[in-house]
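I opened a new page for this chain. These entries record what I looked up, in the order I went through it.

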Amino acid sequence: MVRLTLELIARSLNQKNRRDESLAQHLRKLTHLKLSNKNIDIIDDLSLCKNLNVLYLYDNNIRQIHNLDFATNLRHLYLQNNCIIRIENLETLIRLEKLYLGGNCITVVEGLETLEELRELHVESQQLPLGEKLLFDPRSLHSLSKSLSVLNISNNNIDELSDLSILENISHLIAVDNQLHHIKDLEFVLSIWTKLYKMELNGNPVCHKPKYRDKVILQSKSLELLDGKEIKEMERQFLTNWKASRDARKKNKVESFINEHASYSHFDDTDAEHTHFPIYHFPVSREIHRTPYNKESQPFYEENRNSEKISHSALKASQNEQKDLFEPHLLRQMPL
């Protein structure tokens, strides 16, 4: 076990720079302290180093962040590639601008509520339990919403970015080798991140979606670099014109459909005003309906019978005359 003590710091310092100063005097003036790769397990009392601006403690075996309350002037803190399980005890580092915590065992990004000046946060490649993803405490995200501009969350099984949309001033996102699948998720955050100029998503399934690059460029007007490749103005203008042309075609189709539907509706309304009823043709019966016979109506009945006989005799005589006219052998017998 190696403890980070004042003695360890003294051994690491260049004696030539101290001149006639005591160790305490020199530590009070110290602004940069590099103690990386020293097998350090525990951070001891460093309260004499009150003017530290940059502290390098990466590539050690540190399990807990503590004993940094003194470092109220600290700007950059490098703690990547340790064994840290939880982000804690950073409340007094109110001037911290850059925090490097990649390669640890952190499962939740938390404990950053007081770091309202933090501009860069690096939490990539955490050693997470199998099947789990890195989570974000909404309280910490809210505190960082105005200040954070660079975020590195690579290789953390992250499958969506919507929780990070609150980071309205983000300008550089590094999220390679995650589990991002959906273009819609990207389009949502890109519509909010209006200051984003650089984004790296290599190694995500979404990168293999059809027209992935085109859709991202069209959604973000501020983006200048995507997956390490520059977005040229000519490329953006071409895609913008193509999208405008496509949208115009869609609009025309919709209008044509609406107009056509309106025409059919007009015909339907006309038909509704002039209702057509079906016409049925009933065959006329050839049967002669006779009045039932009774004694009181006998004179009238006999008169009708006589009229019918006369009419029938006249009709038969007329038919015989016409037959004689149209039979050639009778024509010869007719007098001239």
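I count a salt bridge where a side-chain nitrogen of Lys or Arg lies within 4 Å of a carboxyl oxygen of Asp or Glu. By that rule I get ten salt bridges.

I note that this is a predicted model, in which local features need pLDDT of at least 70, side-chain atom pairs count only at pLDDT 80 or more, and totals for chains, interfaces and linings use all residues. Residues are numbered from 1 along each chain as its sequence is written, and side-chain values use heavy atoms, with hydrogens and water left out.

Entry: D137 and R139. I find their side chains in a salt bridge at 2.9 Å, N to O. For burial I use relative accessible area: buried is under 20%, exposed is over 50%, and partly exposed is in between (1.4 Å probe, protein chains only). D137 is buried at 9%, whereas R139 is exposed at 56%.

Entry: D159 and K133. This salt bridge spans 2.8 Å, N to O. I place D159 in the loop between β10 and β11 and K133 in the loop between β8 and β9, 26 residues apart. Strands here are DSSP runs (E, at least two residues), numbered from the N terminus. D159 is partly exposed at 36%, and K133 is partly exposed at 28%.

Entry: E120 and K98. Their side chains meet in a salt bridge at 3.7 Å, N to O. E120 lies in β8 and K98 in β6, so the pair ties together parts 22 residues apart in sequence. I find both E120 and K98 buried.

Last entry: R75, E97 and R119 are linked in a network of salt bridges.

Methods:
Helix = DSSP H or I, 4+ residues; strand = E, 2+ residues; numbered from the N terminus.
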